[in-house]
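Please keep the sequence and the structure in view while reading.

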Amino acid sequence: MVGRTGVGKSSLINAIFSKYIAKTSPVEIGTNQLKRYNYESDGDILFEVIDTRGIAESSTESLTTAEDDLKRAIEDFDPDAILFLSNATERARMDEDVTYIKSLYEEVDTQIPLLTVLTHVDNLEPSRIKESNQYTDSKKKNISDKKLQMENLLKEFEVACSTVIPVSTYIEWNKEDPHLLSLEEQKNLIIDFDGRYNIDELVDFLENNLDFRASIHLMMTTRIDKAVRKISNLIIKGFAVASTTVAITPIPFSDIAVLVPLQLILIIFIAYLSGADIDKESAKEFLLSAGGVGALGYGLRTLAQQGGKALNLLTPGAGSAVSSALAFSGTFSIGKAAQAYYIDKKSKGEVENIMKNANEEAEGK
């Protein structure tokens, strides 16, 4: 990674892996002007990054230039790619950054793929909008204009760059000042607000352009959480739909014997996906207590569900329709609560709001 201090190198790593990965094991290379960091998770090195000096930061007292340091580091390190990071909000510095990367590549004389990453696009106007799915047309145009500016600069300075990808790495964690926490506390951090933009495009590009082994490693370490969530969502939806079929029976309380075990199995499946091994009793305890799904709340929902079937005495079929809707929303919200608790590692207090939102989402389906 080549870029001035504050451009967002560590934030980009965190955004790629969807977790807070502290910089560990700083290793000096050559002079004290250039360092290598290992970004680790559970003892595995996910990314090894050469954090360069230069771009208006070179020391005149150094016996070597930033170009010399990087050339030596590349020879020793043999990187798979060079990510050139530039702040999209600082137009004047973009010129300096491109001049710097041009001089680096001329000095190093390497064919290592160069990818330009424009960071902090969430701060482009209107800067108050941080949710990527709510970017206005004007914000998207500003991002597109910045990308075009960088592409033109690279072309003007004859820098052979594979592509330019604008990104936002904006993430708010569930605890303030994560850099002040212990490594164990950092490991347990979860995303509280997700303002990332274009990270998937960046990962896709890297996977398609890196050395095969590096590409496979990147794919496995960045996609596994998404795969688990995708499978989890499919299971939740499938169980919710299945519960509506169970609930269609017109006899009050006759479906409880099937519906409750169905929901217990759903909880066990979700827990299993997260790597947790729970039994029926643990699943029952979660069903009755976690996230505000206490015995009273669950009992009232069951009573409403079964009581709705009494409508069948007045209008055949009407009660079953009410019961099916309640069964779907109840099972869907239970699945989402289990997903939040076991996969996303949310606290039981947080699960209550998630379950409420999931219930409202299910009722809107």
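The points below cover aromatic rings, charges over rings, a sheet with its helix, and backbone details.

The structure is a predicted model. A pair of aromatic rings is described by the distance of the centres and the angle of the planes. The count of aromatic pairs here comes to eight, and two of these pairs are described in detail.

**Aromatic pair Tyr-20 and Trp-173**

- The ring centres of Tyr-20 and Trp-173 lie 5.7 Å apart and the planes stand at 90 degrees, so this pair is edge-to-face; the cut-off for that class is over 60 degrees.
- Tyr-20 belongs to the loop between helix H1 (9–17) and strand E1 (23–28), while Trp-173 belongs to strand E7 (residues 168–173); the pair therefore ties together parts that are 153 residues apart in sequence.
- Tyr-20 and Trp-173 are both buried.

**Aromatic pair Phe-239 and Phe-269**

- Because the planes of Phe-239 and Phe-269 stand at 80 degrees, with the ring centres 5.8 Å apart, this pair is edge-to-face.
- Phe-239 is part of helix H7 (residues 212–247) and Phe-269 is part of helix H8 (residues 256–274), so the pair ties together parts that are 30 residues apart in sequence.
- Phe-239 has a relative accessible area of 15% and is therefore buried, as the cut-off for buried is under 20%.
- Phe-269 has a relative accessibility of 40% and so counts as partly exposed.

**Aromatic cluster and charges over rings**

- Phe-286, Tyr-341 and Tyr-342 are linked into a cluster by ring pairs.
- Over the face of Tyr-170 lies Lys-130, at 5.3 Å from the ring centre.
- Over the face of Tyr-135 lies Lys-139, at 5.1 Å from the ring centre.

- Strands of a sheet pair through backbone hydrogen bonds, either parallel or antiparallel.
- Three strands form an open sheet in the order E4-E5-E6, and their pairing is parallel.
- The edges are held by strand E4 (82–87) and strand E6 (163–166); each has a single partner strand, so one side of each is left without a neighbour in the sheet.
- On average, neighbouring strands of this sheet are turned by 25 degrees against each other, direction ignored.
- E4 and strand E5 (residues 114–119) run parallel and are joined by six bridges.
- Asn-87 has Thr-119 in E5 as its bridge partner.
- Across E4, E5 and E6 lies helix H4 (residues 137–156), which runs at about 150 degrees to E6.

**Backbone details in loops**

- Glu-125 and Pro-126 are joined by a cis peptide bond, with omega about -10 degrees.
- Pro-126 sits in the loop between E5 and H4.
- Glu-158 is not a glycine, yet has a positive phi of about 55 degrees.
- The loop between H4 and E6 holds Glu-158, and the relative accessibility of Glu-158 is 68%, so this residue counts as exposed.
- Asp-177, also a residue other than glycine, has a positive phi near 50 degrees.
- Asp-177 is located in the loop between E7 and helix H5 (183–187); with a relative accessible area of 42%, Asp-177 is partly exposed.

Conventions. Residues numbered from 1 in each chain as written. Predicted model: local features only at pLDDT ≥ 70, side-chain atom pairs only at ≥ 80, totals over all residues. Heavy atoms only, no water. Phe/Tyr/Trp six-rings, centres within 6.5 Å; stacked < 30°, edge-to-face > 60°. Helix = DSSP H or I, 4+ residues; strand = E, 2+ residues; numbered from the N terminus. Buried < 20%, exposed > 50% of the residue type's maximum accessible area, 1.4 Å probe, protein only. Lys NZ or Arg CZ within 6 Å of the ring centre and 35° of its normal. Pairing = 2+ DSSP bridges. Axes fitted to C-alpha atoms, helices over the stretch in contact; angles between N-to-C directions. Contact = heavy atoms within 4.5 Å.
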